[in-house]
Amino acid sequence: MDPVPVSLVVVTCQSAPVLDPLLESVAAASAALGDTIFVDNASTDGTCELIGRRLPGATIVANSENRGFAAAVNQGVDLATAGRVLLANPDTAWTVADLRALNAFLDTRPRAAAVCPRLIFPDGAPQASVRRFPTHANIWFSRHSPLRGVRLGAGSRAAYTLDDPADPQMVEAVAATFMLLRRDAFHAVGGMDAGYFLYVEDTDLCKRWRDAGYEVWMDPRVAVRHHWQGGSRRDPTLRAHHRNGIRRYFRKHHPQRRLANGLLFAALGLLDWKDRSTGTAPARGRS
């Protein structure tokens, strides 16, 4: 029996093709889980049915529409009964030892709102997930940006995504791909901002935790496999969702930088126009 039970929350959307490793992980880790909650965003590929067959004890919330990642996470955490919640992407694979190691780490850091492991690709290659809070300089080196392939020195303040630390380290922000968090800290800052549909919501959460006096940690001693974008790599709208998230972040956290925001948003608008001209971008939606 684990001393601190953990509720698992997984958000799915058309995830049936990538779910097998996760379902095997959950089944093997059942002794360490207080409850298991899946929130599905209107899948039509049999995702909910697959989860129900493989994990008959799981709670499945089937949304009639795609509410976005942040809103679905909030739904799941609101149903969680344990004091700690594991957010796991549907395309991750992990062990009960990974979960227990992160749980034990939280025991040693009372001000930590969350801890994340090192992420690796299925072949073992590193998958960077640590980042700085977005600024008007470093956002151009983030995912889906025109300069994303440019490599900057680790000490450069223009670097956005950072290499994993060699030892446990407090970080500014980290992807919520696999995140063990304290439920009370999550609720203390109002949960995820449901105004984000997809992308940047985890960075926003980390920023609000930092502003409220909490810590976010990365423990590279734990490694979790992640099929990066395994459930969405064929979706041509990802860049537009990311840009919408950037707009919302800068309006929210840098409202006084009107000129800088205007220049940034103009550039993002040009990229939107480029995608729309090829028929790949959705409407801007909430931002």
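Predicted model: local features only at pLDDT ≥ 70, side-chain atom pairs only at ≥ 80, totals over all residues.
**Strand β6**

I started with β6, residues 112-120, and looked up its burial. Eight of its nine residues are buried, so the rest of the structure largely encloses this strand.

Next I went through the pairing partners of β6. With β13, residues 215-226, β6 runs parallel, and eight bridges join the two.

I then turned to β12, residues 178-182. This strand is antiparallel to β6, with two bridges between them. A114 has L181 in β12 as its bridge partner.

The pairing of β6 with β7, residues 126-127, is also listed here: it is antiparallel and has two bridges. Q127 in β7 lies opposite L119. I checked the connection and found a hairpin, with five residues between β6 and β7. In that turn, G124 has a positive phi of about 95°.

**Helices α1 and α2**

I looked up how α1, residues 20-28, packs with α2, residues 47-54. Their axes come within 11 Å and cross at roughly 30°. An angle under 35 degrees counts as roughly parallel, so α1 is roughly parallel to α2. I recorded the crossing of α1 and α2 as right-handed.

Which residues meet in this pair? From α1 they are D20, L23 and E24, and from α2 they are L50, I51 and R54. Sorted by class, the contact of α1 with α2 has three nonpolar and three charged residues, and no polar ones.

Conventions: Residues numbered from 1 in each chain as written. Heavy atoms only, no water. Buried < 20%, exposed > 50% of the residue type's maximum accessible area, 1.4 Å probe, protein only. Helix = DSSP H or I, 4+ residues; strand = E, 2+ residues; numbered from the N terminus. Pairing = 2+ DSSP bridges. Axes fitted to C-alpha atoms, helices over the stretch in contact; angles between N-to-C directions. Parallel < 35°, antiparallel > 145°, perpendicular 65-115°, else oblique. Left-handed = near helix turned anticlockwise from the far one by under 90°. Contact = heavy atoms within 4.5 Å. Nonpolar A, V, L, I, M, F, W, Y, C, P; charged D, E, K, R; others polar.
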